[in-house]
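Reader: Hello! I would like to learn how to read strands and disulfides in a model. Could you walk me through them?

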Amino acid sequence: MIRWVSGLVAAILLAGCAEPLPAPPNIVLIYADDLGYGDLGIFGHPTIKTPHLDALARSGVKLSAFYSAAPVCTPARAALLTGRYPIRSGMTGVFFPEDTTGLPASEWTLAEALREHGYRTALFGKWHLGSAPGFRPVDHGFDTSYGLLYSNDMMRPWVETDVPLRLWRDNEPVDEYPIDQSTLTRRLTDEAIAFIRAAGETPFFVYLAHPMPHVPIYRSEAFAGVSAGGRYGDVVEEIDASVGEIIATLEALGLTHNTIVLFTSDNGANVASSRFFTDDRIVATDVGSNGPYRGHKRLTLEGGMRVPGIVSWPGHLPAGAVRTGMASEMDLFPTLLGWAGVTAAAPNPLDGRDLRAFLATGAPSPHDVLYYFRDTRLQGVRDATWKFRWCRDADSCTGEPELYHIQRDPYERFNVAGEHPERVDSLRRLMTAFATQTGARLDLP
């Protein structure tokens, strides 16, 4: 049954012989893994050079308060592709190679919605929403896929598994083992470019989900030692060069003004735990920067969930704009469908909001609040002015109410809960109500 109705088709039927509507825009969504807020030049890194991403931001909109819906891989990716908090789909933990489930068929993805609207759809890179048959990218709206079914560290000695880490093309493993991970960024870029070149007049959605810079980090020989930011900098600069090649391809094909290009990351930069340090494939400096923000991947502090965000669509979005209002990766679902001319009769409620006016004109954020989840635990909430946390994780929580003026103190240095009991009470009530609605646990002492 068709669950999505094309706004373009409806408009044509109503307009009769009116002027033809513009073609739906192509979409290229580039998603890094564990790239921190502060890892790009345009977001403040002092030594890693990212000229192509910097230029992309100057050609479009930079988001300075852009959030993942989770501080780890699987739930963040589920939220990105469904427009829903991962608690709703049950995608609250990280999948491992032996897992036999994945993203439920009842969850409709961005790829499914766009394919139903006539787009060709492809994933190149990391999936991490289920590796068992029936839960792979081709089961969730992608015409084709090439890459890893889960994180690049899911092999011995870092993960207790006997399942070999393989590259997959659609439903078949590629005849290569072990994988030469130093070629991954290069090969995924080539696959994406070939897909774009073959699209012809058909609109396309390319989801280029780089496995890097998740540890163990690898870069090609051409990028070894090029960055003042060390080995990690080499990896980020190769991703930046990949972005440059994608942009150059769009320009060569005359697609620049009809292609939306987005760049972000699944969560904040990692701080590698001691379990990774088994040999020189992973060292302590193989991790990124979350800029001025506290915390890191796995935590609901700003450093774990605030990520770099860039949206560029020349001729349609203002060049060099900066949006400081809060937005979420979940918002890309309704926003991109809106731009594509798709009117969603969504089978499931969305948490994402349409950002088109926010991006194009600087209208206020469509969110009153955003929530901070760690697995099934609801640990915090923020509105335009305040962030409230109350949790008991030994990693980052005090067990006491935490209230931060997130505009004056986005670095979460000064807990002012004792000075604003009424604000603590109102935000706690919001958390309690949302936990009841979603089935989440409040992580309270």
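Author: Gladly! Let's begin with a cysteine: Cys391 is buried, at a relative accessible area of 0%. Here, buried means under 20% relative accessible area, exposed over 50%, and partly exposed in between (1.4 Å probe, protein chains only). This is a predicted model, where local features need pLDDT of at least 70, side-chain atom pairs count only at pLDDT 80 or more, and totals for chains, interfaces and linings use all residues. Residues are numbered from 1 along each chain as its sequence is written, and side-chain values use heavy atoms, with hydrogens and water left out.

Reader: Which cysteine forms a disulfide with Cys391?

Author: A disulfide is a pair of cysteine sulfur atoms within 2.5 Å. Cys391 is joined to Cys397, with the sulfur atoms 2.0 Å apart. Cys397 is buried too, at 13% relative accessibility. The angle about the S-S bond is -85°, and the link is left-handed. The structure holds one disulfide.

Reader: Where do the side chains of strand E16 point?

Author: In a regular strand the side chains alternate between the two faces of the sheet. Strands (E, at least two residues) are DSSP runs, numbered from the N terminus. In E16 (residues 386-389), Trp386 and Phe388 point one way, Lys387 and Arg389 the other, and all are buried.

Reader: How many bridges link E16 and E17?

Author: Two strands pair if DSSP finds at least two bridges between them. E16 and E17 (residues 402-405) are antiparallel, with four bridges, and Lys387 stands opposite Tyr404. E16 also pairs with E15 (residues 377-382), antiparallel over three bridges; there Val381 has Phe388 as its bridge partner. Three residues lie between E15 and E16 in their hairpin.
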